[in-house]
Amino acid sequence: MEERLQKDQVKHFKFKELKVYCSTEWLADNKKKYRQVFDRYETAFVYAELSFYNKLFDLDSWEAEIMLKCFSIHRGKKEMCSLQFSRKIHKSDNIIYIREGWGNKKEGSFWKKGTYYWEAWIEGNKVGTKYFYIEDTGQSIDPTYNPYLEVQSLKLYEGPYDDVSEDDRKYFMVFGEDETRYIYVDAIFKNVHFQSNWECEIFVKFFNGAKELKGQVVRLVHVKKDEEDVRITAGWGSNIKNSWKGGTYSVEIVFMDHLLASVQFEVDEEFVEGNPNISLPNQASPLILLPDEHANLTFEEVMTKLDNLIGLENVKTQIRNHAQYIQFLQLRKERGFEEKEEVNVHSVFIGNPGTGKTTVAQMMGLLYKKMGLLSKGHIHNVDRVDLIGEYIGQTAPKVREALEKARGGVLFIDEAYSLARSNDDSKDFGREVIELLVKEMSNGPGDLAIIVAGYPKEMKYFLDSNPGLKSRFKVNLEFGDYLPQELSKIADYACQEKKVILTPEAKLKIDEMITEAYRNRDRTFGNARYVHDIIEKAKLNLALRIMAQEDPYQVSDNDLEVIHLGDVEKIQSDKIKPRPLIPVDEQLLETSLKELEHLIGMENIKNEIHELVNIVKYYRNTGKDVLNSFYLHTVFIGNPGTGKTTVARILAKIYKALGILERGHMIETDRQGLVAGFVGQTAIKTAEKIEDSLGGVLFIDEAYSLTMRSSMGGDFGNEAIQTILKRMEDHRGEFFVFVAGYPENMEAFLKANPGLKSRFDKILKFDDYPPDQLIQISEGMLAEHQLELAINARNYLFEYFKHIYNRRDKYFGNARTARSMVLESIRQQNLRLSSRKRASKNDHIISLDDVKKITHKDEEQIFNKKRIGYSK
């Protein structure tokens with residue numbers, strides 16, 4: 001303890017703070033524009049500001065050793081930079097500021113979307129860590145359009161330091177001077193960037209009438225994919241009343257250094273309820289924004305809104321029947337009938353992405369509220385990450401927090417099946433979540449509807465994972481994929497939402513794209529999301545076309561809203577990634593083909609590869625597109641030890657030499673490397689392997705095991721196959737997939753999925769090595785050790801190979817057997833020579849005795865195996 005105190009005493013500093021910024025602009029009081037969330041296209045350098053107190057202030061100057069490190073968190077920790085330097089600390093400086101940055105002067109060129117953090121060290125002591133986030137919507141923020149957020153509502157209310165519950169809030173436009181403590185902003189934003197999860201950092205700044213900053217509150221919110229709204233509350237003031245003096249004040253909402261909205265309010269003698277005028281940067285005059293358009297709707301009006309949804313006819317019918325049954329039970333209760341069970345409002349939604357599950361969940365929350373079953377009717381979206389803790393004891397508090405946030409409305413759990421891992425998982429915190437949900441639905445406080453959603457097969461497994469789970473859900477809704485004609489109507493609706501108009505030619509083209517996507521769909525098909533994405537991209541192309549004109553500010557209003565055929569066609573052309581024009585590497589090609597020729601046997605394989613090389617060279621010489629003419633994904637069929645992996649590596653080098661693969665490397669994996677313990681993570685694990693193999697080959701050994709169902713339940717291998725098939729299409733020509741395995745099993749593998757056989761247009765069959773080739777292989781291996789077989793040993797080994805070749809089955813080891821024979825014969829020879837006192841000129845010879853000892857030993861293992869039964 002004393003030693004530690006002594007060490008602390010010699011420190012000349014005391015850590016103050018570590019902040020992050022990207023703007024070099026100076027503010028008052030030696031400050032910068034500190035924040036944690038940055039847009040990729042507005043970011044050049046990201047700076048760290050380290051501040052600490054000089055404990056030798058006014059006493060002595062000294063030299064400080066400083067180190068600032070920046071890390072990226074993406075598939076593990078990766079160091080972006082390490083800045084080490086000495087800094088002279090003058091005795092006249094009380095607080096020291098160190099500012100250093102990393103990046104590139106060209107905005108958008110260095111930093112990519114992701115999570116990062118700065119780490120600060122002083123005198124070898126780690127003193128602080130500060131996280132920051134780079135977000136990317138594909139376009140930067142401009143004065144007329146924010147690709148992240150739209151302001152939906154801004155209201156003000158008064159309360160104490162620990163806030164006011166939503167039900168107890170009263171909204172004012174004028175606040176009473178004598179009674180006001182904290183003034184809170186209740187802000188709701190529309191999530192425009194709903195395609196992915198992202199971090200939202202909102203600055204709420206309070207100013208007095210002289211535009212002096214009275215206070216600032218920062219809210220950092222994790223926004224989830226498909227979350228429709230972002231809501232924050234932030235207040236400034238004091239728990240002591242009369243801390244606000246009479247006058248005019250304003251609040252500004254700032255996001256990524258861009259003003260989103262501002263609102264003025266008064267502090268006067270009396271409170272005046274109401275909603276203040278809101279000024280938006282792109283609006284000439286203030287306006288009033290109000291939230292919750294459904295608040296004053298009647299039950300029938302909510303049902304009408306549900307009926308107006310495109311498609312989902314079976315879902316609508318089931319919901320209406322469910323609602324009418326609840327009304328029937330309520331009528332019976334009013335008449336004095338007793339019901340043994342409470343009305344069940346918990347549901348299972350089954351369907352692919354973009355089929356309207358979240359929208360319908362919102363509608364059901366409203367319906368339940370109108371029927372008096374829920375007090376608020378709001379929806380709280382969560383997934384596995386929001387419910388499961390990293391360590392023992394963390395999961396239950398997270399689940400309880402989610403339940404309380406949803407209380408009064410709907411707890412919507414997307415991809416709920418990810419909570420049910422395989423039964424042999426010892427670290428299964430998901431099971432704890434399920435048990436807590438069952439407990440809540442059985443005897444919880446109520447005022448809550450739990451809706452779980454996901455893919456059909458996986459949701460069945462989820463519901464079977466706990467004996468009491470399935471019985472708690474009385475409503476099961478199946479959301480089918482939208483039909484092409486329904487998706488076409490959704491496209492019309494998306495145009496209305498985005499205030500654009502399609503020309504007849506553009507509309508026809510979009511309908512063609514929708515039909516083609518529908519025909520080729522798999523369970524990852526985006527449905528309505530796919531359509532909204534098309535319209536969004538077409539609008540972006542419209543914008544680029546207009547802004548490329550000589551004087552875009554002179555175009556008509558009609559030109560600003562009409563999407564032409566070319567704007568839609570550009571969406572498809574943007575998908576076609578230009579291929580690098582890599583010339584044929586004749587030297588590498590010659591070396592690779594020589595390596596192939598040096599392999600013993602497999603003449604049929606060599607001929608097929610030579611034919612392939614000739615075809616590819618012909619296509620390249622004549623200007624034809626090789627990659628769109630052939631898939632070049634290959635099936636390797638053969639027993640163990642027949643050279644499949646060796647030939648696959650050579651073939652990857654040949655493709656590199658021909659210029660059809662950029663890198664020509666080979667990533668080798670099997671089922672274990674692709675399949676995770678629970679559904680949802682398999683796709684991620686497989687995608688990472690594919691990402692690693694881009695520019696080269698993904699070699700999957702024993703690929704047939706992906707079509708075999710796990711003994712623990714759950715078709716996890718099929719999820720890997722679906723991911724591989726989609727990436728083979730999305731990244732056509734960017735990588736090749738080689739699959740290998742036994743003949744019978746690989747035939748079953750190719751038949752297991754309709755898309756597999758059509759993707760693999762080349763099959764290489766590897767025959768077992770006959771005895772004469774096994775002898776050649778053995779002699780080649782011995783030559784690598786400067787050894788050779790005696791003639792009688794060679795003859796004996798040849799007869800032995802004939803013997804095992806004639807008795808072979810599908811597990812025959814081929815070259816692996818030859819290798820084990822060679823290694824064992826070398827060991828026997830070494831044992832023999834070790835007993836001799838002198839070296840001999842024949843020490844490089846493997847004798848007959850050396851070989852006999854192995855074969856006799858091997859035959860004993862073959863013919864004298866222990867058998868089940870009674871010994872005599």
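Okay, ground rules before we look around. Since the model is predicted, local features need pLDDT of at least 70 and side-chain atom pairs count only at pLDDT 80 or more, while totals for chains, interfaces and linings use all residues. Residues are numbered from 1 along each chain as its sequence is written, and side-chain values use heavy atoms, with hydrogens and water left out.

So, the overall picture. The chain has 26 helices and 32 strands; helices (H or I, at least four residues) and strands (E, at least two) are DSSP runs, numbered from the N terminus. Its C-alpha trace spans about 115 × 85 × 75 Å along the principal axes. Of the 872 residues, 46% count as buried. Buried here is under 20% relative accessible area, exposed is over 50%, and partly exposed is in between, with a 1.4 Å probe and protein chains only. Take the contacts between residues at least 6 apart in sequence, a contact being heavy atoms within 4.5 Å: 72% of them join residues at least 24 apart.

Now, the cores. By a nonpolar core I mean a set of buried Ala, Val, Leu, Ile, Met, Phe, Trp, Tyr and Cys residues joined through side-chain atoms within 4.5 Å. Which members of the largest one touch the most other members? Those are Phe-636, Tyr-655, Phe-738 and Phe-801, out of 57 residues. Helix H17 (residues 644–657) supplies the largest share of this core, eight residues.

On to the rings. I count a pair when ring centres of Phe, Tyr or Trp (its six-membered ring) lie within 6.5 Å; planes under 30 degrees apart are stacked, over 60 edge-to-face, and the rest tilted. The structure holds 39 aromatic pairs. One of them is Trp-198 with Phe-255: centres 6.1 Å apart and planes at 80°, so this pair is edge-to-face. Why does that pair tie together separate parts of the sequence? Because Trp-198 sits in strand E12 (residues 198–207) and Phe-255 in strand E15 (residues 247–255), parts that are 57 residues apart in sequence. Trp-198 is buried at 1% relative accessibility, and Phe-255 is buried at 0%. Then there's Tyr-800 and Phe-801, with centres 6.2 Å apart and planes at 50°, so that pair is tilted. Both Tyr-800 and Phe-801 are buried.

Some rings have a charge over them, meaning NZ of Lys or CZ of Arg within 6 Å of the ring centre and within 35 degrees of the ring normal. Lys-77 lies over the face of Phe-71 at 4.4 Å from the ring centre. Arg-332 does likewise with Phe-337, its charged end 4.5 Å from the centre of the ring.

Strands next. Is strand E22 (residues 449–454) mostly covered or mostly open? Covered: six of its six residues are buried. Ala-449, Ile-451 and Ala-453 point one way, with Ile-450, Val-452 and Gly-454 pointing the other way. Two strands pair if DSSP finds at least two bridges between them. E22 runs parallel to strand E19 (residues 347–351), joined by four bridges, and Val-348 has Val-452 as its bridge partner. Strand E21 (residues 410–413) is also joined to E22 by four bridges, again parallel, and here Phe-412 stands opposite Ile-451.

Elsewhere, five strands make an open sheet in the order E2-E8-E7-E4-E5, with mixed pairing. E2 (37–39) and E5 (77–89) are at the edges with a single partner strand each, so one side of each has no neighbour in the sheet. E2 and strand E8 (residues 125–135) run parallel with three bridges, and Phe-38 stands opposite Ile-134.

Glu-702 isn't a glycine, yet its phi is positive, about 50°. Glu-702 sits in the loop between strand E28 (697–701) and helix H20 (716–730), and at 41% relative accessibility it counts as partly exposed. Asn-814 also has a positive phi of about 50° without being a glycine. That residue, Asn-814, lies in the loop between helices H24 (791–806) and H25 (815–834), and at 0% relative accessibility Asn-814 counts as buried.
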